Amino acid sequence: MAKCEICGKGAHFGNNVSHSHRRSNRIWNSNVQRVSVKVSGGVKKMNVCTKCLRAGKVEHA
């Protein structure tokens, strides 16, 4: 799973808990997109979470 190169957001881990309270591992993946971004006059592909995209922390190329 990719990690956001702007804020560092990645996967979160926890447990599935059934009705009988038995636990098994699970993962919550962050919504990370691979997008073309304008960086210092050039274009670069980066992994960016949608929260950073919507906040305008990066500019699309």
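What share of the contacts in the protein chain between residues at least 6 apart in sequence join residues at least 24 apart? The share is 27%, where a contact means heavy atoms within 4.5 Å.

A word on the ground rules before going further. This is a predicted model, in which local features need pLDDT of at least 70 and side-chain atom pairs count only at pLDDT 80 or more, while totals for chains, interfaces and linings use all residues. Residues are numbered from 1 along each chain as its sequence is written, and side-chain values use heavy atoms, with hydrogens and water left out.

**Overall layout**

The protein chain holds 4 strands and 1 helix, arranged from the N terminus as β-β-β-β-α. These elements are DSSP runs numbered from the N terminus (helices: H or I, at least four residues; strands: E, at least two). The C-alpha trace spans about 55 × 20 × 15 Å along its principal axes. Its radius of gyration is 16 Å, whereas a compact globule of 61 residues would have one near 10 Å; the radius is taken over C-alpha atoms, and the globule rule is 2.2 Å times the number of residues to the power 0.38.

Of the 61 residues, 20% count as buried. Here buried means under 20% relative accessible area, exposed over 50%, and partly exposed in between (1.4 Å probe, protein chains only).

**The core**

The largest nonpolar core has 9 residues: C4, V32, V35, V37, M46, V48, C49, C52 and V58. Leaving aside residues up to four places away in sequence, C52 touches C4, I6, C7, K57 and V58.

**Polar pairings**

The whole structure has 1 salt bridge, meaning a side-chain nitrogen of Lys or Arg within 4 Å of a carboxyl oxygen of Asp or Glu. E59 pairs with K38 in a salt bridge, with the closest N and O atoms 3.5 Å apart. This links distant parts of the chain, 21 residues apart: E59 sits in the segment after α1 (50-55), and K38 in strand β3.

S30 lies in the loop between β2 (23-28) and β3. A polar atom of the S30 side chain is 2.5 Å from the backbone oxygen of G10.

Here is how these side chains compare in accessibility:

| Residue | Relative accessible area | Class |
|---|---|---|
| E59 | 48% | partly exposed |
| K38 | 46% | partly exposed |
| S30 | 10% | buried |

Methods. Core = buried A, V, L, I, M, F, W, Y, C linked by side-chain atoms within 4.5 Å. Polar contact = N/O pair within 3.5 Å; in protein donor to acceptor, adjacent residues only side chain to side chain.
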